[in-house]
Each structure stands twice: as structure tokens, then as C-alpha cells.
Amino acid sequence: MEGSEDLDSSLLTQPWASVCFGESTFIAKACFRETGYVLLISDLSSVWYERADTDVIGKRSKELNKRLTAHVSSFLNRLSNLMCPLLEGRESDANSFSCQQTPSKLTIHVKSELSGLPFYWDFHCPAAAVEMISRHLVRPLIRMSLALQYQLQELASLLVQKDVEIEDYRESGAALSRGRLRTEPFQEKSFLQKFVDESLPQLCGAGDGQAFTSTLQHLYTAVARQEAKAVQKRHRSGDAETPELTSSPQLDSLVTLGSQQEKAEPPSDLPQSLGAAVTPSSPAQRARLPVSKAKRKKAKGLFG
């Protein structure tokens, strides 16, 4: 049981990756250990899952590879070496993958070699439980949305402060040496509207295979680690209740950004791009940053 829990916990912190089997595109994640493996895969319409321990692997390997005699660890190691490069975007012509899918089951057929002999394997993945879909997709994606909204607000605040700083330089007599470097003051509403009108249609038309870029994979892993920490904390305290959306204290601060409460600090496990922003008290206060007029002073080549 401990091995099973360790696999599930490790799977949670694995990022989703885009994979292709023939003409079918999926997102998938997997974890391999000495005790077995877990595989979670989705075409964004259905989600399938398989957990296989050493007994299942030993029995299936004998059925599919009658000419091969090897320890279960050898089969596990070979499966890991086949799947991990695939999830990292590195495919080999020596291996072939194909699949058969229904809403209730997905079978992935693998053909490769082991010790110079043909090696066959089938991943038998029934439909995943709703709780697993929520844990690995719904809750992390909601938290990622909150984190990205937090980042957007912090960057917008930084741009407003930069505009105030530039205006102060101008009022002090500084001038640009190159006119093409001049920018208009940042307007958050018009920026967001332009994004919705121009950029969003392109993003939505990119296809399901582009669901997780490398940056989003790092963010997903950071968010999932917070979930794993919360689960471990509940286990230590003997509380086995299902985790709620706000179970991570470090990500709870993202939910309160719209209020006038105390300022929230970025989660420590998030990528550096999320932690590189300033931390004004609140979005409302950031939007009302005063344009203070400093005493005029002679600039000495700041822009020249």
C-alpha cells in the first residue's frame, strides 16, 4: 500500500506533456518505480489511468513476450526508458506506439526490443475516477489560473510605477536620445482588450497538443508540489478529508488579491518569473498610484 501511495504522490508532481500515437494527440504523465508504474493520459475529452504493480507486470510480460525471460525490474526499466523520452519529446524510430481508444478504455501498444529480442507491451488504461481528474487537472489548473492572474497584476503594477518614474525624469528635463524608444503610458484595460481580440483567438486555435508549454509545465509542477505538501500534512495530522481548493496556505493568498486585506507574497515554489514582481498592497491601490511631481532638477545624461 505504501508503494501505491508513493507512486500516486510522485505522479501528482509530474508535469503533463504532449504525446502523439499515430494521428492521435494526448497529454500524459507517468511515474516508474521499483514497485510498479502509474500512467495518466487524456485527449481532453476523456481521461484514462493505469496502475500496475510487479505482479501485474510479470504476468503480462510473460503473456506478451514468451521468448523473453527476465526479472520484472528489467521490464520496468525498459518501459521507463521507452516512456520517459516520449514524454520529454524525444522519440526513437526503433520504437513504435499505437493505440485503441473508447470513452471507457484506452489501450496503448508498444513494440520495441530488449536484449536483442522483440519486446511487446500493452498499457491497459480504464477511465480515470472523477477524484483523480480533479486532483491532477481541475484543481491544479484553477490554481495555475490564480497564479497567472497574480503575475499579471504584479507586472501591470510594475509598468504603472515605471511610467511614473519616466514621467518624473521628463519633468526633470531629461530627454530621450532616440525618439523610437518612446512608449505610451501603459493602459491595462486596453492591453487586456487587445489580448482578447487579437492574441486569444490564435492561442485557442493552436490545437490541443499545445496544452502545456515548458513554462506551464514548471508552473504546474510548483502548484502540484503545494498540493502534495498539503496531503502529507493532513496525513501526519490524521485528517484524511478530501483536499479543498484553498488547502495550500501559500496559494491561498492568490484568492484574496481582489480584497483590501493584507498584501500576499508570491508562493516560494513558483518559477522565478512569478517571484520577480513587486508587491504593492492591493490591485485597487496599485491602480491609483499617484503621479508625484518631484522638484525640478537638472538631469545629466540619463537619456542622452
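Which residue caps the N-terminal end of α2? I looked there and found Asp53, with a side-chain oxygen 3.2 Å from the backbone nitrogen of Asp55.

**Ground rules.** I note that this is a predicted model, in which local features need pLDDT of at least 70 and side-chain atom pairs count only at pLDDT 80 or more, while totals for chains, interfaces and linings use all residues. Residues are numbered from 1 along each chain as its sequence is written, and side-chain values use heavy atoms, with hydrogens and water left out.

**Overall.** I counted nine helices and seven strands in the protein, taking helices (H or I, at least four residues) and strands (E, at least two) as DSSP runs numbered from the N terminus. Buried residues make up 36% of the 304 residues; buried means under 20% relative accessible area, exposed over 50%, and partly exposed in between, with a 1.4 Å probe and protein chains only. Of the contacts (heavy atoms within 4.5 Å) with a separation of 6 or more, 61% are between residues 24 or more positions apart.

**Cores.** I then looked up the largest nonpolar core, which has 31 residues, and those with the most contacts inside it are Tyr37, Ile108 and Phe123. Such a core is a set of buried Ala, Val, Leu, Ile, Met, Phe, Trp, Tyr and Cys residues joined through side-chain atoms within 4.5 Å. Among the elements that each supply at least two residues of this core are β3 (36-42), α3 (72-87) and β7 (117-126), and the largest share, eight residues, comes from α3. Leaving aside neighbours within four places in sequence, I find Tyr37 in contact with residues including Leu7, Glu50, Arg60, Leu76 and Phe123. A second, separate core of 21 residues includes Val47, Leu137, Tyr220 and Ala228.

Back at α2 (residues 54-64), I list Ile57, Gly58, Arg60 and Ser61 as the buried residues, and what covers them includes β3, β4, α3 and β7. The side chains of Arg60 and Glu50 meet in a salt bridge at 2.8 Å, N to O, where the term asks for a side-chain nitrogen of Lys or Arg within 4 Å of a carboxyl oxygen of Asp or Glu. Arg60 in helix α2 and Glu50 in strand β4 are ten residues apart. Arg60 counts as buried because its relative accessible area is 11%, and Glu50 counts as buried at 5%.

**Other salt bridges.** The structure holds six salt bridges. I looked at the one between Glu227 and Arg139 (3.0 Å, N to O); Glu227 lies in helix α6 (residues 214-237) and Arg139 in helix α4, so the pair ties together parts that are 88 residues apart in sequence. Both Glu227 and Arg139 are buried. By contrast, I noted Lys162 and Glu165, whose closest N and O atoms are 4.0 Å apart, as partly exposed, Lys162 at 42% and Glu165 at 33%. Salt bridges that share partners join Arg139, Arg143 and Glu227 into one network.

**Leu152.** What does Leu152 touch, not counting residues up to four places away in sequence? I find Phe191 and Leu192. Leu152 lies in helix α4 (residues 130-171) and is partly exposed, at 27% relative accessibility. The C-alpha atoms of Leu152 and Glu188 are 9.9 Å apart, against 36 residues in sequence.

Notes: A polar contact is a pair of N or O atoms within 3.5 Å; within protein, one must be able to donate a hydrogen and the other to accept it, and residues adjacent in sequence count only if both atoms are side-chain atoms.
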